[in-house]
Amino acid sequence: MPFRVNPTYSAVAICIAIAFLSAPLAAQPFAYISNQLEDSVSVIDTATGRVVDTIAVAGKPAGVAAAPDGSKVYVSTPEAKGFAVVDTKKREVIAKVIVNGGTLGIAVGADGKRIYVADWYENTVSVIDAGSLQLIKTIAVGESPSGLIVSPDNRWLYVANRISNSVSKIDLNTLTVKKTAPVGTHPFGLTIDARGERIYVANVKSDNVTVVETARMKPIATVKVNMLPYATTLALNDSRLLVTNQEDGSVSVIDTKTLKEIALITVGDKPEGINTHPDDRHVYVANWFDSNVSVIDARILKVIATIETGEGSRAFGQFMGK
Amino acid sequence: MKKIALFVSVLLLFFTSIASAHGPVRQKAAEKITINAPAEKVWALIKDFGDMSWHPEIFNTTIQGGNTKGAIRVLTLKDGGTITEELKKYDDKKMSYAYKITEMSSSKTITHAGAEEKVPALPVNDYAASIELTEKGGSTEVVWKAGYYRAYMNNNPPEEMNEEAANTAVKAVLETGLIHLKALAEK
């Protein structure tokens, strides 16, 4: 796509520049961890490794999507049939949006303009305007859509269809399903590399990860991991894939070149959500049973810290904010 | 007056349906007990996946496979119900193992929302548990944990198959088991 200077873009650029300059120097990325069994979100200051705030979010919060500019975090609330909009400065819920039956997977566009919510009862993905919080479109996908990930160029949305054992690729210009690829049994969480060429989806029932080449939507490899792989994240310049094994209390580390498991790291009990710090080295894992977060250093492949959060930490999605 | 009553009942109905119209949320339970006996002695009582006679509610246990991943045991309860479990993890050194329920008989059939529903022996779904011993200066700490869903996976569960029923039943299983284990080990 040719780059054109457009007045809207430059206005945005100026705003970002101002926001950047006015931010205090000590401000560090925050991790937003949903605690499903106590209706809250823990805010971790990743610089100190401490929970600096706990935000009340009703409706059994599960999925998390941090807006790219860091101003908001969207949290799916299955029991409230929708999602909550959290203002990260005020650290409180500023809006609640009702979507439909059962919301879990949630993602936000790379430009922050749209929110995507999967509904595992309705078998749809709802597209919501992040400004007006109005529904733009509902897209029919496979059965029980779960994890969602937007391509870095903001052109595609990938959806793991849990019951259909497939991943759908949605065109974000036309908001239609372009293609669907078969994967392992019960795909759940997924991630995409920085170039948007490969997605890695964790298959809960077949205990493996399917690597899908996005251009052709063809599965190119299956990598065996441990019991009940739940979600995935990439680190160290996309050279390492980390996968939570929920039933094993561990994280599998896969070399993305050889597509072999090179390490198995013990974390807390029932690890679920996993996401990489903007430093591309530290990986945060939410342990549902232990109600804490393990921090892994992907270089030394060790847990370097454990942070107490709240009851039933899930943090399913891109929970690393700014 | 009638109008107000009607309005109130409609409103109530509305609230009830909102409160329960959602997918199930995974539940958890954990029970801990300290036993005044060495860990090896306690471990000896529970280490065989194929022998759950240490639990007072279990009438007998049959097993296929030994203490290795993939072993299947069938627990027959004192009331005649059966629970089939698969060993998922076994660590003799750490004195721990983890397993999952794969099948259950039903304790009764109820009618709910116009359909017959079988209430499983333990009113849960997708149940995974682990038990671990830790040596604490001559005595033993036993932690038994479980993660599960309520038995009814659709919206609006009947009371026999809701979260409360699941939590109450699981807590009872863990508690009575640990109390009995303590009694056996401290004998």
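1. The structure holds one cavity of 30 Å³ or more, where a cavity is a set of points on a 1 Å grid over the protein atoms alone at which a 1.4 Å probe fits but cannot get out. About 100 Å³ of space lies in the largest cavity, a volume being the space filled by probe spheres set on the points, which are joined across faces, edges and corners.

2. This is a predicted model, in which local features need pLDDT of at least 70 and side-chain atom pairs count only at pLDDT 80 or more, while totals for chains, interfaces and linings use all residues. Residues are numbered from 1 along each chain as its sequence is written, chains are lettered from A in the order in which they are written, and side-chain values use heavy atoms, with hydrogens and water left out.

3. Thirteen residues line the largest cavity, and A:Leu148, A:Leu190, A:Phe316, A:Gly317 and A:Gln318 lie nearest its centre; a lining residue has an atom within 4 Å of a point. Strands S8 (103-108), S12 (145-150), S16 (187-192), S20 (229-235) and S28 (316-318) of chain A each supply at least two lining residues, strands being DSSP runs of E of at least two residues and helices runs of H or I of at least four, numbered from the N terminus.

4. Strand S16 of chain A also contains A:Thr191, which counts as buried because its relative accessibility is 6%; buried means under 20% relative accessible area and exposed over 50% (1.4 Å probe, protein chains only). A:Thr191 and A:Gln318 are 127 residues apart in sequence, yet their C-alpha atoms are 9.3 Å apart in space.

5. The largest nonpolar core has 38 residues, of which B:Tyr97, B:Tyr127, B:Val142, B:Trp144 and B:Val170 touch the most other members; such a core is a set of buried Ala, Val, Leu, Ile, Met, Phe, Trp, Tyr and Cys residues joined through side-chain atoms within 4.5 Å. H3(B) gives the largest share of this core, seven residues. A second, separate core of 23 residues includes A:Phe30, A:Tyr32, A:Val73 and A:Tyr284.

6. In H2(B), the residues B:Ala39, B:Val42, B:Trp43 and B:Ile46 are buried. Seen down the axis of H2(B), its buried residues fall within an arc of 100°, so they line one face of the helix, the arc being that of the directions from the helix axis to the C-beta atoms. The face turned away from the buried side of H2(B) carries the exposed residues B:Glu40 and B:Ala44.

Conventions
1 Å grid on protein atoms, 1.4 Å probe; cavity = no way out; pocket = protein on both sides within 12 Å on 5 of 7 lines; lining within 4 Å.
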